[in-house]
Amino acid sequence: MTDPDSTSGEESGIDPNAFRDDDDRISPHWLERLRAFLIAGRSEDIATVMQPLYSSDVGDVLESLDADERLLLVRLLGENFDYSALTEVDESIRVELMEELPNAEIARGMAGLDNDDAVFILEDMEQVDRDEVLAKLPTFERLSLKRSLDFPEDSAGRRMLTDFIAIPPFWTVGQTIDYLRREVDLPDEFYQIYVVDASYSVLGTIPLDKFIRAPRTTSIESMMNTNLVLVDANEDQEEAARDFERYDLVEIGVVDESNRLVGVLTIDDIVDVIHEEADEDIKLLAGVGDEDISDSTADTVRSRVPWLIVNLFSAVMVSMVIGLFNATIEQMVALAVLMPIVASMGGNAGTQTMTVTVRALSMRELDGRRLRRLITREMVVGLFNGVIFAVLIGLVTWLRFNNLQLGGVIGLAMVINMAVAGTAGILIPLTLDKFKADPAIASSVFVTTVTDVVGFFAFLGIAGLWFGLF
């Protein structure tokens, strides 16, 4: 057992107190030292080494520890554990810890969290446990969290902060400054001031940079920006993120169905949304579902099996197409050697087009004119790529098998499959999107199936007709 106070790290030229190494990973020496403190139950030393870390760093530490070590760390830290770190870990780790910790302890830890962080943790809990935690919170916080949880999952209402600065239009800059100076319960960070009427409908906004430059006698109404960009609380968080990108925002107001201001979204939360949505799309394209590296073996198997079954059916379909040409392949063994090339090239070309299309759909970039242009471009690109690689594979085949006709056959099949791949790569995602299916989920399976079937059928069919093998 390593002594946590030993100087082995220093003797090796590595500072054992350094949290990250040169590769920006958690230092093995730092982690070894923490584990030694955990085993020894030295809560004060643990609090000392954890205190300088940001919540995101604490999240990395939790993910680096084993399940029993994570729980021990949280328990030994006690009141010193920052519960916002639970928003920085994989969902499976967060749920695992929530199930092990007493609800009273969770309620205590969440009492000091921002509204959006508390909601992020609560929405993963079972309803019974969630209600028990909420019941232990102060009335105002409980009502605020319940209201946020009433909005749909992955909506702007779930992500919003409920602390914001709202003032009436008849105030002056001086009155507002005096209010901000004497008011105790203000947001920790804010980027603009909201001007509202008596019903909390937004009349305008004032960016802080403009506000602090104005004389004290300036009326709020005369300087507020009335060209409003607001987000509905029920709107999907991905749409809200798109508004941030489109209008270069750092903060945006969130309104309810009555157009009353109920919260704000800030850029730090939107960065997390963008990361989540991109991560989700990448996983869906690969058919692995909502999977994290911290998931158990059983959960990972359950996540992947459904799409592997779909792939199995598509593979059976492809094998049936090949089976139609058994006699043809038996008469010319070279066909068996060459046919995977056509299908493989078509699959790769289709995946390229599909990726571009799915991204454009997710970014809402395809209006009528752009859509027609993209379809035309990808079909032409597929045809040109087919011609280029037809020449290349035709020459290779001719040289390898000393058969010019066979080179021509595989070249023609390559042109057909690459053109079909480009068309399928764009039309399949568009069709799925039209029927309200997520193109990121199913496009890959359909595109691969189409290119495999067309590739094998075109090559073996043309070869059979060309060489009279039927």
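Which residues line the largest cavity?

**Entry 1: conventions.** I worked from a predicted model, in which local features need pLDDT of at least 70, side-chain atom pairs count only at pLDDT 80 or more, and totals for chains, interfaces and linings use all residues. Residues are numbered from 1 along each chain as its sequence is written, and side-chain values use heavy atoms, with hydrogens and water left out.

**Entry 2: the cavity.** I searched the whole structure and found one cavity of 30 Å³ or more. On a 1 Å grid over the protein atoms alone, a cavity is a set of points where a 1.4 Å probe fits but cannot get out; a pocket is an open set with protein on both sides within 12 Å along at least five of seven lines; lining residues have an atom within 4 Å of a point. Grid points are joined across faces, edges and corners, and a volume is the space filled by probe spheres set on the points. For the largest cavity I noted a volume of about 40 Å³. Its lining consists of Leu161, Asp163, Phe164, Pro187, Glu189, Phe190, Glu251, Val264 and Thr266. I sorted this lining into five nonpolar, one polar and three charged residues. In this sorting Ala, Val, Leu, Ile, Met, Phe, Trp, Tyr, Cys and Pro count as nonpolar, Asp, Glu, Lys and Arg as charged, and the others, Gly among them, as polar.

**Entry 3: the second largest pocket.** I noted a volume of about 520 Å³ for this pocket. It is lined by 19 residues, of which Phe140, Thr162, Asp163, Phe164 and Val262 are the closest to its centre. Helix α10 (139-149) and strand β6 (261-266) each give two or more residues to the lining, and α10 gives the most, with four. Helices (H or I, at least four residues) and strands (E, at least two) are DSSP runs, numbered from the N terminus.

**Entry 4: strand β5.** I asked why β5 can be called largely enclosed. Five of the five residues of β5 (residues 251-255) are buried, so the rest of the structure largely encloses this strand. Buried means under 20% relative accessible area, exposed over 50%, and partly exposed in between (1.4 Å probe, protein chains only). In a regular strand the side chains alternate between the two faces of the sheet. In β5, Glu251, Gly253 and Val255 lie on one side and Ile252 and Val254 on the other, and both faces are covered. Strand β4 (residues 230-232) pairs with β5 in the parallel sense over three bridges; two strands pair if DSSP finds at least two bridges between them. Aspartate 232 has valine 255 as its bridge partner in β5.

**Entry 5: the open sheet.** I traced three strands in the order β1-β2-β3, with mixed pairing. Strands β1 (166-167) and β3 (202-207) are the edges, each pairing on one side only. Strand β2 (residues 192-196) runs antiparallel to β3, and five bridges join them. Valine 195 has glycine 204 as its bridge partner in β3, while valine 196 stands opposite valine 202. The two strands form a hairpin with five residues between them, and tyrosine 200 in the turn has a positive phi of about 70°.
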